Amino acid sequence: MLGEFEYLLITTAARLGDNAYGSAIREGIEEIAQRKCSIGALYTTIERLEAKGLLTTWMGEATAERGGRAKRMVRVTGKGTRAAKEFYDAVMRVSRGASWAVSRSERLS
């Protein structure tokens with residue numbers, strides 16, 4: 001089972017699609033999770049997820065806007081997609097009946 005940060009990383013990379021690379025993923029996690037994401041934690045987790053076969057990475061082309069440095073591109077694998085879905089489904093199952101998980105229509109009754 002994935003951890004919370006692993007899920008955030010995979011989900012953000014999947015949402016970014018062909019634009020998924022370290023800095024963009026970091027910004028996406030910070031925006032959505034409303035918390036800081038260190039670059040060290042990000043790349044350590046990317047390496048761990050790649051070793052598990054949940055992500056693939058490669059070096060993109062060097063770009064002028066990055067001072068001639070290449071981006072480390074990230075793509076979620078089919079195995080990564082399945083792991084994220086399993087995590088999401090588990091969170092949804094365990095949340096059923098919790099006061100914060102009650103649907104709006106139930107709260108209005």
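At 29% relative accessibility, does Glu50 count as buried, partly exposed or exposed? Glu50 counts as partly exposed, where buried means under 20% relative accessible area, exposed means over 50%, and partly exposed lies in between (1.4 Å probe, protein chains only). The model is a predicted one, in which local features need pLDDT of at least 70 and side-chain atom pairs count only at pLDDT 80 or more, while totals for chains, interfaces and linings use all residues. Residues are numbered from 1 along each chain as its sequence is written, and side-chain values use heavy atoms, with hydrogens and water left out.

Glu50 has a partner in Arg72, with which it forms a salt bridge whose closest N and O atoms are 3.4 Å apart. Because Arg72 lies in strand β2 (residues 70-76) and Glu50 in helix α3, this pair ties together parts that are 22 residues apart in sequence; helices (H or I, at least four residues) and strands (E, at least two) are DSSP runs, numbered from the N terminus. Arg72 itself is buried, with a relative accessible area of 19%. In total the structure holds eight salt bridges, each defined as a side-chain nitrogen of Lys or Arg within 4 Å of a carboxyl oxygen of Asp or Glu.

Another salt bridge joins the side chains of Arg48 and Glu6, at 2.9 Å from N to O. This pair links distant parts of the chain, since Arg48 belongs to helix α3 and Glu6 to helix α1, 42 residues apart. Glu6 is buried at a relative accessible area of 7%, whereas Arg48 is partly exposed at 36%. Glu6 and Arg48 are also linked with Lys52 in a network of salt bridges.

Arg35 is partly exposed, its relative accessible area being 34%.

The packing of α1 against α2 can be described next. Their axes, which are lines fitted to C-alpha atoms over the stretch in contact, with angles running from 0 to 180 degrees between N-to-C directions, come within 9 Å and cross at roughly 115 degrees. The two helices are therefore roughly perpendicular to each other, a class that covers 65 to 115 degrees, against under 35 for roughly parallel, over 145 for roughly antiparallel and oblique for the rest. Residues of α1, including Phe5, Leu8 and Leu9, meet residues of α2, among them Ala24, Ile25 and Gly28, contact meaning heavy atoms within 4.5 Å.
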